Structures are given as C-alpha cells and as structure tokens.
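Subject: Structure handover

Hello,

Here is the structure I promised to pass on. Please open it and keep it in view while you read the notes below.

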Amino acid sequence: MAVNFRRVLIAALGGGVVWMIWTLLNEMVAEKYYVVEQAAGHLLKGPRYPYFRRSWLTTMLLLAYVASWFYASVRASLGPGLGTALRVGVLLGFAISFPLNLSLAFWSPMSRIVPLLWVVDLWGGAILGTLVASWIYRD
C-alpha cells in the first residue's frame, strides 16, 4: 500500500501539537533543575542563539513528520494500529533521545536528572506524537 503524503502531513501536525504540549509540560518540571544548574555554571543562563523555543518546537514538529512517515511506511508490513505506532514511537524516541543524553549523564558536570528529563521529553514526545499521528492517519 502506498503512503498517502497528505495524510502523513495532517497526522504530523496532530502529533506535532501533542509533542509540543508534552515538551512544554516537561519544561515546567525541568525549570527548577535548570535554575540550579545555571547557578552552578553548568548551563548557560540564556540561549546562545535567539529564538530557541521557536526553533525547538519547530524541530519537534519536524520529528513528528518523521514519526508519521515511519508509521505510514511500516503499517503495511506490521499492520495499522496503536501497536505499530507504539513500536515506531519507542524506537524513534530511543534513537533521538538516549545516546546523546547517556553521554551527557556520563561526561557533563550537571546533575543526572537533567539528561534524564531530556530523555523523558524526547522519548515520551516521540511515543505520544506517533500514537496521535497513527490515530489521525487512517484509511
């Protein structure tokens, strides 16, 4: 079965909105840890480049497109539905969140909770975004 790119885009928008909301909620939890790490000099007090939040949320939207496209591509072989979406979300979330944050937990002077929260943000967002995208991407 061919991938319907229009549906992928619509599914990505829905999944991206959910992913962005998840990211903003995670940021509220992480904020107190950021303040501590900034005071210790482990994180910058402000972004190095302007428009960080806009850039980050745009990146989440682009990743939601990737997740939607992966889901639409594998549903022919794995079958449509939430099980397939969960597999795609878990695998994609692991790939985008774990390696770098594992390195940060080992090598960075900041508390290990910060990389853990970043893993939760990206991995959880990938799972939620892909689940929503799969619900939207239907025949």
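**The salt bridge**

Glu27 and Arg53 join their side chains in a salt bridge, at 1.9 Å from N to O. The term means a side-chain nitrogen of Lys or Arg within 4 Å of a carboxyl oxygen of Asp or Glu. The structure holds one such bridge. The pair links distant parts of the chain: Glu27 sits in helix α1 (residues 5–39) and Arg53 in helix α2 (residues 52–78), 26 residues apart. Helices here are DSSP runs (H or I, at least four residues), strands are runs of E (at least two), and both are numbered from the N terminus.

The cut-offs: buried is under 20% relative accessible area, exposed is over 50%, and partly exposed lies in between (1.4 Å probe, protein chains only).

**How to read the model**

This is a predicted model, in which local features need pLDDT of at least 70, side-chain atom pairs count only at pLDDT 80 or more, and totals for chains, interfaces and linings use all residues. Residues are numbered from 1 along each chain as its sequence is written, and side-chain values use heavy atoms, with hydrogens and water left out.

**The whole chain**

The protein chain has four helices and zero strands. Its C-alpha atoms fill a box of roughly 55 × 30 × 20 Å along the principal axes. Of its 139 residues, 34% are buried.

**Ser68**

Ser68 lies in helix α2. Ser68 counts as buried because its relative accessibility is 2%. Its side chain reaches the backbone nitrogen of Ala12 at 3.3 Å. Which residues does Ser68 contact, leaving aside neighbours within four places in sequence? They are Val8, Ala11, Ala12 and Ala133. Contact means heavy atoms within 4.5 Å.

**The largest pocket**

The largest pocket holds about 990 Å³ of space. A pocket is an open set of points on a 1 Å grid over the protein atoms alone, where a 1.4 Å probe fits, with protein on both sides within 12 Å along at least five of seven lines. Lining residues have an atom within 4 Å of a point. This lining has 26 residues, and Tyr34, Leu43, Pro47, Phe52 and Trp118 lie nearest the centre of the pocket. Helix α1 gives the largest share, seven residues.

Best wishes

How values were computed:
Polar contact = N/O pair within 3.5 Å; in protein donor to acceptor, adjacent residues only side chain to side chain. Points joined across faces, edges and corners; volume = space filled by probe spheres on them.
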